[in-house]
Amino acid sequence: MYFPVDDYKTAQLLSIIVELLIFCAEHHSYQFRVHMIKHEILRKVLYLLRSRHSFLALCAIRFLRKLVNLKDDTYNRHIANGNHLKAVCDAFFANGEKYNLFNSAIIELFEFIRVEDIRILATNFVECHYNSGFQDITYVQTFQKLKDQFDHRPTSLLNTEERHGEDGDPFSTLAKQRRCRRDNASLDEEEERWFEKDDDDSDSGSGNITPPFQASPTREEAGDAEPMFSLSLPKSIGRKGMLISDIRVR
């Protein structure tokens with residue numbers, strides 16, 4: 001998603017494209033997850049943070065915010081392993097001391113990571129980006145609180161998080177196992193309810209059981225019945241030449 005000219009028309013077109021990507025991430029989770037990781041869409045979108053148009057840079061932040069909001073470990077590992085937070089941190093310091101919407105959007109992103117305790121992203125931020133200048137920011141406590149959460153986290157828990165699945169796997173092994181256990185449990189419950197219902201029906205109506213269908217008549221019984229259709233086939237026309245008009249209804 002390289003834009004050679006950073007004019008208003010191109011920026012507006014790119015902002016619409018990013019909005020479509022946000023919609024796809026929300027409503028087409030599996031297909032978009034695979035496509036985004038395969039084609040490095042996040043890296044290309046975060047390149048738009050360099051635009052001089054603030055609304056386009058905000059669209060890029062909103063796209064990242066949507067991915068983080070999904071709380072999907074696949075997205076979080078992709079962000080951490082690709083070091084995509086670096087582009088956000090660089091844009092934050094490039095904005096300078098301006099207290100504007102762009103500054104607030106980035107702070108809100110890290111505040112969401114802290115409040116929701118998204119440990120993969122919090123660990124990546126503290127280990128790779130905190131000492132690049134965030135330790136000197138005191139007008140908000142978001143970054144310092146992220147550092148405190150990381151320091152008070154047990155070492156064994158950090159080692160467990162580092163042994164997560166690979167970045168390109170849309171469904172980790174642990175997620176598959178949990179889903180299989182949940183599906184099997186739900187199937188067992190449904191089977192038990194079905195058998196219980198079947199037992200209740202047989203107990204309540206053991207004397208009067210209505211067959212679900214009536215038996216077909218015997219050949220002797222059907223021999224006296226008048227057929228509903230009669231087929232007259234002209235001698236001059238073979239079987240393949242039969243017409244619908246030759247079927248006569250009595």
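Isoleucine 37 counts as buried because its relative accessibility is 14%, where buried means under 20% relative accessible area, exposed over 50% and partly exposed in between (1.4 Å probe, protein chains only). The residue is placed in helix 2 (residues 29–39); helices (H or I, at least four residues) and strands (E, at least two) are DSSP runs, numbered from the N terminus. Between the C-alpha atoms of isoleucine 37 and tyrosine 75, which are 38 residues apart along the chain, the separation is 8.5 Å.

The model is predicted, with local features requiring pLDDT of at least 70 and side-chain atom pairs counted only at pLDDT 80 or more, while totals for chains, interfaces and linings use all residues. Residues are numbered from 1 along each chain as its sequence is written, and side-chain values use heavy atoms, with hydrogens and water left out.

Arginine 33 lies over the face of tyrosine 75, 5.7 Å from the ring centre. A charge sits over a ring if NZ of Lys or CZ of Arg is within 6 Å of the ring centre and within 35 degrees of the ring normal. The charged end of arginine 65 is likewise placed over the ring of phenylalanine 112, at 4.0 Å from its centre.

The structure contains 13 aromatic pairs (rings of Phe, Tyr and Trp, the last by its six-membered ring, with centres within 6.5 Å; planes under 30 degrees apart count as stacked, over 60 as edge-to-face and the rest as tilted). Phenylalanine 110 and phenylalanine 134 form a tilted pair, with 6.2 Å centre to centre and 55° between the planes. This pair links distant parts of the chain, 24 residues apart: phenylalanine 110 belongs to helix 7 (residues 101–115), and phenylalanine 134 to the loop between helix 8 (119–128) and helix 9 (142–151). Both phenylalanine 110 and phenylalanine 134 are buried. Ring pairs join Phe92, Phe93, Phe110, Phe125, Tyr130, Phe134 and Phe143 into a cluster.
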